[in-house]
Amino acid sequence: MARYTGPKSKISRKFNEEIFGPSKALKKKSYPPGQHGRGRRKKQSEYALQLTEKQKAKFIYGMLEKQFANLFEKAARKGGVTGEQFLTLLESRLDNTVYRLGIAPTRRAARQLVLHKHITVNGEIVNIPSYSLKVGDSVAVREKSKSLEAITTSLSVRNARAFSWLEWDAAEMVGKFVSAPQRDQIPEKIQEQLIVEFYSK
């Protein structure tokens, strides 16, 4: 699959964000990568700002360009504020929910768990990372996979912070998608309006 497999720290430095999780490189080098990274940065155009924000969101959620654009179109067809609808759809993805529940330490790891059939939705195995969850859906670790070291390790260091749109039963290793998240509940530093402007051209 055409997914980014290059240096993670390079992407983090480019956007000055911990895109793939905590990055030591970002703390050591707080300037962009490349031979001109330390130099004087010229003011970015409006289009460059919009493109950068779109690319950043795409990397954060680990999506391909076509997938990303299609999801935006879906959000645009819904009622309400397009940018907020878009972020809600991104957060409703199965791989993102597996990550938010703490079953996997990163979205990339969550994607792997889903692809390798370790995750069930409403009791059925689903191996499609982009599967869109609906309110009331339950996401669980497959019975045979509950002792998997990658999962138990991730859950043992699970962030204590709970997300209000999700519920988690640690004993049964089952989570529930309680409600569609609102913009102020989503912690990602994304200026969704810039993405809306980018696709509105």
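Buried means under 20% relative accessible area. The model shown in these close-ups is predicted.

**View 1. Isoleucine 151 and its surroundings.**
Isoleucine 151 belongs to helix α8. Its relative accessible area is 0%, so isoleucine 151 counts as buried. Beyond its neighbours up to four places away in sequence, isoleucine 151 touches Ile103, Leu113, His118, Val141 and Ser145. Alanine 110 is 41 residues from isoleucine 151 along the chain, and their C-alpha atoms are separated by 9.6 Å.

**View 2. The largest nonpolar core.**
The largest nonpolar core has 22 residues. Within this core, Leu94, Val98, Ile103, Leu113, Ile119 and Val139 touch the most other members. Two or more residues each come from α6 (94–100), α7 (107–115), β1 (119–121), β3 (138–141), α8 (149–156) and β4 (166–169). Helix α7 gives the largest share of this core, three residues. Which residues does valine 98 touch, leaving aside those up to four places away in sequence? They are Ile103, Ala104, Ala110, Leu113, Val114, Ile119 and Val139. Another core, of 16 residues, lies apart from the largest one. Its members include Phe68, Leu71, Ile195 and Val196.

**View 3. A tilted pair, phenylalanine 68 and tyrosine 199.**
The structure holds seven aromatic pairs. In the pair of phenylalanine 68 and tyrosine 199, the ring centres are 6.5 Å apart. The planes of phenylalanine 68 and tyrosine 199 stand at 40°, so the pair is tilted. This pair links distant parts of the chain, 131 residues apart. Phenylalanine 68 sits in helix α4 (residues 65–77), and tyrosine 199 in helix α9 (residues 192–199). Phenylalanine 68 is buried, at 0% relative accessibility. Tyrosine 199 is partly exposed, at 22%.

**View 4. An edge-to-face pair, phenylalanine 72 and phenylalanine 86.**
The ring centres of phenylalanine 72 and phenylalanine 86 lie 5.4 Å apart. Their planes are at 80°, so this pair is edge-to-face. Phenylalanine 72 is in helix α4 and phenylalanine 86 in helix α5 (residues 82–91), 14 residues apart. Both phenylalanine 72 and phenylalanine 86 are buried. Ring pairs also link them into a cluster with Tyr47, Phe68, Phe198 and Tyr199.

**View 5. Two arginines over aromatic rings.**
Arginine 100 places its charged end over the ring of phenylalanine 163, 4.9 Å from the ring centre.

**View 6. Helices α5 and α9.**
Helices α5 and α9 pack with their axes 8 Å apart. The angle between α5 and α9 is about 105°. Angles of 65 to 115 degrees count as roughly perpendicular, and α5 is therefore roughly perpendicular to α9. On the α5 side, Thr82, Gly83, Glu84, Phe86 and Leu87 make the contact. On the α9 side, Glu192, Ile195 and Val196 make it.

**View 7. Glutamate 53 in helix α3.**
Glutamate 53 lies in helix α3 (residues 46–61). Is glutamate 53 buried or exposed? Glutamate 53 is buried, because its relative accessible area is 6%. Residues up to four places away in sequence aside, glutamate 53 touches Lys189, Ile190, Gln191, Leu194 and Ile195.

Methods: Residues numbered from 1 in each chain as written. Predicted model: local features only at pLDDT ≥ 70, side-chain atom pairs only at ≥ 80, totals over all residues. Heavy atoms only, no water. Helix = DSSP H or I, 4+ residues; strand = E, 2+ residues; numbered from the N terminus. Buried < 20%, exposed > 50% of the residue type's maximum accessible area, 1.4 Å probe, protein only. Contact = heavy atoms within 4.5 Å. Core = buried A, V, L, I, M, F, W, Y, C linked by side-chain atoms within 4.5 Å. Phe/Tyr/Trp six-rings, centres within 6.5 Å; stacked < 30°, edge-to-face > 60°. Lys NZ or Arg CZ within 6 Å of the ring centre and 35° of its normal. Axes fitted to C-alpha atoms, helices over the stretch in contact; angles between N-to-C directions. Parallel < 35°, antiparallel > 145°, perpendicular 65-115°, else oblique.
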